[in-house]
Amino acid sequence: MGSSTQKFRRLDPHPPYRDLQKGFHAEVHDPLYCLGMQYLLGEHQGSDASTPVEVRFDPDEIPIEHTDPTVPDPSATPPEPVVEAEADDWWTPGRRLRLGRAYMARKEAAESGGKTAGTALPAPGSEPGPAPKEQFARYVATDLPHPYQHLNGHAWDGLALFRDHPDDPVFSVVPNPRNTLGWRSEQLAYDADFEAKNAHLAMRRHDGGAMDWYSVDADGSASARCRIRDTYVMPSRLRFPGSPAPRWWEIEDQRVDIGGYPPDRGHLATLLLIELVMGIGDDWFTFPVQGRTGSILRLTNVRIRDSFDDIWGVEPAPDWSLFRIAGLDPCDLLLWPTVTTPLRGRVLEEVLVGVDEDANLVWAVENRLNGRDVPTTGDLADPPQPQTGEPFQTGETPEYRYRVQRGLRNHWHPYLLEDRPDQRMFIQGRVANLEGQDPQLLPEARAHLLQARPTTRPHADGRPAATPIHRLQPTAIPATGVRLLRRTKLVRDIHGIPVLWTERSRQPLKAIPANRLGFDALEVGSQPDT
Amino acid sequence: MQAGTTAKSAGGPGDAFVERLQRILAALPRSPATPANLGLIGDAKDNSPQRSELLDRYQHLRAVALSLRAALAGALDDAAAAPVLQRAAAWGLIPADGREEGQPAADLGGMMSTRLDHSPTSSAAGDLTVDGLVRAIAELATADGRYPVLTRFPRSLITEGRQRDLQGASGAANALDERWLPVVAAVREPLARLEIHQLENEGNGGVWSLWSDPVTLENPFHTAPAWDPRSETVTKTETAPWVDAHTGQVKDSHARLYYGAPGALDVEDPTTGEVAVGLFDFWSELVPDVVQDAGAGFAFRAPPARAPQAVLLAIPANAQRRLKDQDLLDTVVEARRLARVRMVDPHQMKGMRAGLSTILLDDEERNRVDLNPWEDE
């Protein structure tokens with residue numbers, strides 16, 4: 001009985017047993033091996049399926065508008081300054097100083113008869129000169145930020161002068177202030193409203209910082225057809241780092257390992273990506289759509305022509321979309337003129353806000369004002385305390401000292417809960433120092449972040465409008481507290497024109513600020529009061 | 001210019017002078033200008049004349065520091081120590097609390113030795129970059145290393161360029177101090193210090209003069225009022241003014257502004273020689289495009305069939321000999337045989353299939369991949 005022996009040789013990549021990462025990469029350097037594996041896996045078998053070769057669609061562009069004409073055009077300006085700008089953002093420190101000096105120089109020149117208007121101020125570092133006239137005293141700059149602080153008390157504040165003399169020719173260059181401000185001081189967040197024809201775009205409780213399509217919700221339907229162009233483009237297969245290759249044995253990007261992404265609840269996009277890759281990852285196609293920035297881009301009548309010249313209509317999935325704005329049509333895409341890298345100035349103000357559950361109040365702590373860190377203890381620091389548990393010597397009589405109050409801190413501002421039937425609010429208060437002969441109120445909060453917006457216009461005689469007490473909604477403060485920042489930023493609009501604004505932003509804190517304020521305390525280890 | 005140390009010991013009426021001196025120092029650029037900063041062709045190997053000059057400066061500074069240390073060590077009596085202590089004061093080396101009893105020269109010599117020990121040797125400095133040399137000079141010359149070090153350029157380089165560019169743009173530069181500087185100074189601290197210097201010196205002749213390249217003078221913010229992107233005439237083919245219409249590439253949009261001490265930028269001054277140039281600040285900004293490229297995706301069941309992706313390239317074994325028809329045939333046959341070897345399916349492998357990695361194979365009948373190789377044995 002004869003026997004035959006068939007002998008085959010097979011080339012396989014060397015199993016990378018020692019390096020798991022190389023195994024993920026599945027490096028193959030043999031094209032014939034790839035070709036053979038394609039054959040084995042049936043990739044060379046014919047199929048009558050088609051391939052998309054052309055996409056035709058009709059894009060609509062619906063420009064975004066703002067109801068307030070004093071607000072920068074939202075179709076040309078990045079949304080951050082449109083929403084976050086403050087009323088006095090034009091007044092940079094340099095402009096305050098220049099226009100203040102120009103106003104006073106004009107005042108001085110207007111005096112006749114050899115008199116002086118009393119506008120001279122001592123230069124920084126020089127001997128103190130005569131005080132300015134009383135009528136000008138309130139125009140001396142006192143709150144210039146870093147690094148201009150050495151000019152406080154030595155220069156005129158153009159902004160203060162402008163508020164009292166807005167019609168002076170010196171201030172003809174000052175633009176009209178905007179009417180609408182987005183900051184909601186009781187919520188510590190921004191609200192803003194935009195229009196897009198019949199659609200209303202609402203931005204609610206924005207924390208400050210980067211904005212994009214996800215920052216707004218819509219109400220109504222932007223039905224106007226503003227610009228229709230029959231556009232046709234060529235689709236291409238969806239590719240992204242680590243995307244599956246169309247062929248099973250095509251060499252893929254070895255630098256990306258989709259299976260290596262740890263999916264978790266915090267990475268919804270990762271979960272979606274893995275679902276996409278593991279599902280029908282190589283059956284997705286994309287096509288480019290050019291849209292005018294600052295508008296809602298709507299795709300209508302999307303048709304796909306395949307390689308057999310068949311036309312297929314495409315409709316969006318009724319129940320799912322990744323870039324959909326609530327309230328808008330599934331085919332709508334909001335295109336803001338976003339800028340990812342604005343120029344950032346130094347942090348002007350930093351305030352920590354946290355709930356003191358024991359005292360049932362909120363503390364707001366000013367850590368930085370006018371670009372400079374401020375001490376929050378100062379001369380109100382507690383005296384040194386004996387260590388807890390320190391034993392007394394036998395026969396020694398402990399000495400106690402009564403303190404009506406201890407734990408006072410500079411720049412700590414309390415907010416007391418006002419529980420009304422209609423709403424609960426934290427009301428800003430002031431701490432009084434009860435340790436002296438007479439109670440002394442500590443200074444008021446100076447940070448702009450802790451000020452309420454004036455609800456009335458300035459008086460006709462020039463007196464500023466009454467500033468209401470700052471209130472906070474309980475829902476504005478998370479359990480771990482919140483960190484508020486205020487800083488100047490600069491971007492350019494689509495014309496290249498710079499837009500300067502002061503941004504407020506809020507970030508969650510990891511730990512709330514702790515305060516040891518207490519009353520009616522006996523301290524051990526001190527001499528008793530006499 | 002030992003601002004930090006001197007300020008503590010000055011006291012009294014001199015404080016204002018020292019404070020002013022500190023502000024002037026703070027306003028000066030901290031980084032030296034490189035040829036690339038001035039728009040000149042840079043040297044990729046950093047062999048510019050400016051670097052060579054900085055190296056010479058450092059080596060000379062170190063030699064002087066070494067001689068001072070030797071002089072401090074040799075100053076044994078008060079008479080000999082007095083001039084040496086005066087030299088040491090110029091380096092910011094002052095006896096503690098201003099007292100001169102004890103052995104101040106020896107103490108200061110120890111402080112000088114510490115500085116020298118932390119500075120690179122003259123030979124090691126030859127490998128430093130411009131930034132490294134600047135840091136070495138500042139840290140050796142002062143106690144806190146906060147010392148502006150500038151590079152030197154021919155004065156003609158500045159004045160000739162300014163004279164050429166000022167033609168037709170006279171007076172526009174002055175507006176930048178009022179239009180441009182207050183805006184950018186709000187977000188760029190080095191420019192805020194420059195603005196303070198300008199504000200404090202208005203009226204006393206100390207204001208620094210300004211020169212800018214023509215692009216900046218005509219349009220300090222690169223604006224284009226005549227170009228209205230919201231116009232109905234705008235089409236996809238229109239481009240922003242900072243984009244080359246032919247290539248679609250962004251033009252060189254560098255804007256350079258030169259501030260000079262009084263007289264330094266005076267084109268009428270025939271003085272030649274060198275000027276010290278420093279880099280106040282540099283940054284980049286983005287302008288949002290009028291037209292954004294968005295995209296949409298759709299699912300389409302693509303066919304499983306794919307065209308073969310291998311290209312057979314036949315090369316003669318002897319490069320000096322033409323590839324004959326038979327050689328080409330042999331090559332194709334060999335490639336087919338090699339490919340067939342690679343296409344051995346698991347059934348043909350029989351017992352050897354246990355070594356086949358099946359993790360990447362689809363368990364479909366058409367592929368004939370058996371995931372239970374021992375079942376039929």
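1. Why does Phe153(B) count as partly exposed? Phe153(B) has 19 C-beta neighbours inside 10 Å, so it counts as partly exposed. The cut-offs: a residue is buried with 20 or more other C-beta atoms within 10 Å of its own, exposed with 12 or fewer, and partly exposed in between, with C-beta atoms placed from the backbone.

2. On provenance and numbering. This is a predicted model: local features need pLDDT of at least 70, side-chain atom pairs count only at pLDDT 80 or more, and totals for chains, interfaces and linings use all residues. Residues are numbered from 1 along each chain as its sequence is written, while chains are lettered from A and ligands numbered from 1 in the order in which they are written.

3. Chain B overall. Chain B has 13 helices and six strands. These are DSSP runs, numbered from the N terminus: helices are H or I with at least four residues, strands E with at least two. Of its 377 residues, 19% count as buried. Of the chain B contacts with a separation of 6 or more, 63% come from residues 24 or more positions apart. A contact requires C-beta atoms, placed from the backbone, within 7 Å.

4. Surroundings of Phe153(B). Phe153(B) sits in strand β2 (residues 151–154) of chain B. Leaving out residues up to four places away in sequence, it touches Ile158(B), Glu274(B), Val275(B) and Val277(B). Pro35(B) is 118 residues from Phe153(B) in sequence, yet their C-alpha atoms are 8.8 Å apart.

5. The chain B sheet. Three strands form an open sheet in the order β1-β5-β2 (chain B), with antiparallel pairing. Its edge strands are β1 (31–32) and β2 of chain B, each pairing on one side only. β2(B) pairs with strand β5 (residues 274–279) of chain B over four bridges, in the antiparallel sense. Pairing needs at least two DSSP bridges between the strands. Opposite Phe153(B) stands Val275(B) in β5(B). α3(B) packs on this sheet, touching β1 and β2 of chain B, and its direction makes about 130 degrees with that of β2(B).

6. α3 against α6. Helix α3 (residues 49–74) and helix α6 (residues 130–141) of chain B pack at about 25 degrees, with axes 10 Å apart. Axes are lines fitted to C-alpha atoms, for helices over the stretch in contact; angles run from 0 to 180 degrees between N-to-C directions. The two helices are therefore roughly parallel, the class for angles under 35 degrees. Their contact includes Leu54(B), Tyr58(B) and Leu61(B) of α3(B), and Leu133(B), Ile137(B) and Leu140(B) of α6(B). Its residues divide into twelve nonpolar, one polar and three charged. Here Ala, Val, Leu, Ile, Met, Phe, Trp, Tyr, Cys and Pro are nonpolar, Asp, Glu, Lys and Arg charged, and the others, Gly among them, polar.

7. α3 against α4. α3(B) and helix α4 (residues 78–90) of chain B pack at about 145 degrees, with axes 10 Å apart. Leu68(B), Ala71(B) and Leu72(B) of α3(B) meet Val84(B), Arg87(B) and Ala88(B) of α4(B). By class, that contact has five nonpolar, no polar and one charged residues.

8. Chain A strands. Strand β12 (residues 343–356) of chain A pairs with strand β21 (residues 482–492) of chain A in the antiparallel sense over eight bridges. There, Leu490(A) is the bridge partner of Leu343(A). β12(A) also pairs with strand β13 (residues 361–369) of chain A, antiparallel, over seven bridges. Val355(A) has Val362(A) as its bridge partner in β13(A). The hairpin of β12(A) and β13(A) has four residues between the strands, and Asn360(A) takes a positive phi near 55 degrees.

Terms used:
Two residues are in contact if their C-beta atoms, placed from the backbone, lie within 7 Å. Angles under 35 degrees count as roughly parallel, over 145 as roughly antiparallel, 65 to 115 as roughly perpendicular and the rest as oblique.
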